[in-house]
Amino acid sequence: MSKHLTKMVALLAILSMTFLAACGGGSDAGGTEEAKQVLNAGYAPSEPPDLNPNTATDSTSGFVLRHTMEGLTRMSEDGQPIPGVADKWEPNEDGTKITFHLRDDAKWSNGDPVKAEDFEYAWKRVLDPETAADYAYQLFYLKNGEKYNAGKADKDEVGVKAVDDKTLEVELEKPTPYFMSLTSFYTLFPVNKSVAEENKDWAADAKTFVGNGPFKLKEWKHDEKLTLVKNENYWNKGKVKLDQINLPIITDAKTGYQQYKSGELDVGDSTILPTELVASALEKGEAKSDKIPASYFYMFNTKEKPFNNAKIRKAFALAIDRKSIVENVSQGGQGPATGFVPWQMPDHAEEKPWVETREDYLQPTAQADEAKKLLEEGMKEEGIDKLPEIAISYNTDEGHKKIAEAIQQMWKKNLDVDVKLNNMEWKVYLDKTKSGDYQIGRLGWLPDYIDPMTFMDMWVTGGGNNDTKWSNKKYDKLIKEAKSTDDQKVRMEKMHEAEELLMEEMPIMPIYFYTQNYMQQDYVKGVKRLPDTSTDFSEAYLTGK
Amino acid sequence: MSRYIGKRLVLMLVTLWVISTLTFVLMHSIPGDPFSSEKKLPKQTLENLKAKYHLDEPLPVQYVLYMKNLVMFDLGVSIKSETRTVNEYISDGFPVSAELGAYSMILALVLGIGMGVLAAFRQNKLADYNVMVLAVLGLSVPSFVIAPFFQKWFGGDWLPLMGWGDFKHAILPAVALSFLPLALVTRLMRSSMLEVMGQDYIRTARSKGLPPWRVITRHTLRNAIMPVVTIIGPLAVGILTGSFVIEHIFSIPGIGKYFVDSVLNRDYSLIMGITIFYSALLILVNFLVDLAYGLIDPRIKVGGKEAN
């Protein structure tokens, strides 16, 4: 077929021969060619900016890291931690200390054993103020983690300690039941201490990159492609069926889509699925959509009139038709929001999805009459008979624009209110919402870990991400109570109560729950799509390609 | 001559300094910072980050620091990526962009001059009309429209849709990128040829009985090509800016797309680095074009008394 393929086959032939030679002979190399499992994946819309797990923050780097490295645990398809480098772990009684036992056969791709000190080294480096890692906060749960990052505690006081080569003791500030779900996240991956101390730029080049995951980084041509090959040193290599993953960097989704259609790619996410083709691709069955625990919403600036009034906020929130937005505007399989915490988020007390254990705070269609009544009451409370000029701010994007236009019409129709639309460039938008220079703004929120808390603690008074400036003592108290225990029943109860309050006060207006769309050829099997929105190819395989 | 060149070089350095200073000021005056995202970072993390990239210092100090490094040809580290320095971004990406740009430039000049000459000699005939339709298309249809069509019509096993490596990877993007400059050169060449062909000395040459090809090469072309040489500078700018889009569409590992991305990311050092690099390049191209005048047209004295 293409020269690409010929090259690849040649490469594979060389690879397999080297391998056979290394094994001291064996059967003829010619026979192994058709058995080679090579996946061409469209998951890199840009060059991965940083493959050092200590400082990586983006999804392309995340994809590579999740396949070339492994944390203490991996995530199962239902969001539970399953053994990774650690084969067992036990928390102490009050949940403030967890002892991890590392498996004996966990090895780095250079053959070194994975030691507990590799975790201690990596985690302390994440927290080191000099590293200035964006995701340092993922380790603020560790005892003195936050203080060390602020330069107020000593490195040795941080609550992570390698007791011996295979035992890691982790001490937490307070019981954090979702800490376990974080141990599969890349910020908490180990780093080969001796490699990193020798060469601090070990992660900048495929030649020096050392991982401990199912694959190893064979080639990294900047802005062009990455090649991952099976890691023979991986403890669970028997489960890994792919010999190679090719990860071309595809900067234009339309080009990616054509590549997929011409068979050059086997699977891919939004990297190869342009927004404007999602609806038709879903309809034709070319693309599939998975629900993910993420929420799209508008926030109100509660410090500015008229949205300082809860009734007015609620009136606006009730006056939109969420069903119509997902069916006619976004058209990507999204679900109308029934509350703030999205679907696919578990209620850890009932072992059921959170959306099933709560009442629906919002209806799919607009409640025009109630909204009108609330608006009148609210305006009376504020002593105004006319609303000031109102504008929706959003960052320039075709999708956000369409939704804002639809909502503009709904508010006109159901509340008889005229609003203006203000679009601006992404970083300008972030600047404006952060400084409170907006009335209504949009935001999409993805979870940091698999627990409703990753959504709920956003809105506490003075919270770093609380751009609504909303402040409610009762809410703060409920979140604080939920955070101070590891009793799941109490935690979930408090958070349900908090969400009810949030939906009564409505500093934010949920719109829809996200989906993740992807395309995958039928011959690709065994792909795991995880609740943290990542895709895991460690056990994937091709059949009958 | 050498005095002229020396003067020009000094002037070029001053221009470069003005550009970099302006860029520095403008870049820091637009709202937003490199570390903002929808998930806001804790205050102390932000402080750590700012300290790491010296963004916690007052702007004048940052400026002096930057200029100091610049003199040493050190463009700093990218804020967005720990992997590569700005120098590495440029040394990795520029050869690719330059190769692509060179193909497009050659294509535009060779084809454009050829078609322009052809159109001028067949003025108001079928060949002229065809060439002009093509030129109008090239001028009016932007490359981000042409490129996907090319991918759809011609992309396939022998002309890859994307990527970089062999010559065949360059064909589609180079053709797409050359569309606009090609149209410009063709139109310019045609009108300039027509003008020159009406001159008395051409009539004289013809009446002397010179063979037509000699009239074209010795007398017409040499005079008519001047305007085209003049626009090579702006043309290079056009190809560079055009490459921002083309590199994106064809996933080409050049430096063009970082010109836009770096601004969107507020990656200060990368913005500065690429701007300064491109400016230096364009200043150099313009300088070379000026020198080339003298070679083509002996009437122009580069660095002569009248040019000073």
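A: A helix here is a DSSP run of H or I of at least four residues, a strand is a run of E of at least two, and both are numbered from the N terminus. This is a predicted model, in which local features need pLDDT of at least 70 and side-chain atom pairs count only at pLDDT 80 or more, while totals for chains, interfaces and linings use all residues. Residues are numbered from 1 along each chain as its sequence is written, and chains are lettered from A and ligands numbered from 1 in the order in which they are written.

Q: What is the strand order in the open sheet of chain A?

A: Two strands pair if DSSP finds at least two bridges between them. The sheet has 4 strands in the order S4-S5-S7-S6 (chain A), paired antiparallel. Strand S4 (86-91) and strand S6 (160-164) of chain A are at the edges with a single partner strand each, so one side of each has no neighbour in the sheet. From one strand to the next, the twist averages 20°. Between S6(A) and strand S7 (residues 167-171) of chain A, which run antiparallel, there are 4 bridges; Ala162(A) has Leu168(A) in S7(A) as its bridge partner.

Q: Which helix packs on that sheet?

A: Contact means that the C-beta atoms of two residues, placed from the backbone, lie within 7 Å. Axes are lines fitted to C-alpha atoms, for helices over the stretch in contact, with angles from 0 to 180 degrees between N-to-C directions. Helix H3 (residues 116-127) of chain A touches strand S5 (97-102), S6 and S7 of chain A, and its direction makes about 165° with that of S6(A).

Q: How do I read a helix pair, and at what angle do H6(B) and H11(B) cross?

A: Two packed helices are described by the angle between their axes and the distance between the axes. The axes of H6(B) and H11(B) cross at roughly 30° and come within 10 Å. That makes the two helices roughly parallel, a word for angles under 35 degrees. The crossing of H6(B) past H11(B) is right-handed, meaning the near helix is turned clockwise from the far one by less than a right angle. Ser143(B), Phe144(B), Ala147(B) and Pro148(B) of H6(B) meet Gly242(B), Val245(B), Ile246(B) and Ile249(B) of H11(B).

Q: How many residues of chain B are in contact with chain A?

A: In chain B, 37 residues are in contact with 37 residues of chain A. Helix H2 (43-52), helix H4 (86-121), helix H6 (143-154), helix H11 (232-249) and helix H12 (256-265) of chain B each supply at least two residues of the side that touches chain A. H2(B) gives the most, with 5 residues. By class, this side of chain B has 12 nonpolar, 13 polar and 12 charged residues. Nonpolar means Ala, Val, Leu, Ile, Met, Phe, Trp, Tyr, Cys and Pro, charged means Asp, Glu, Lys and Arg, and the others, Gly among them, are polar.

Terms used. Angles under 35 degrees count as roughly parallel, over 145 as roughly antiparallel, 65 to 115 as roughly perpendicular and the rest as oblique.
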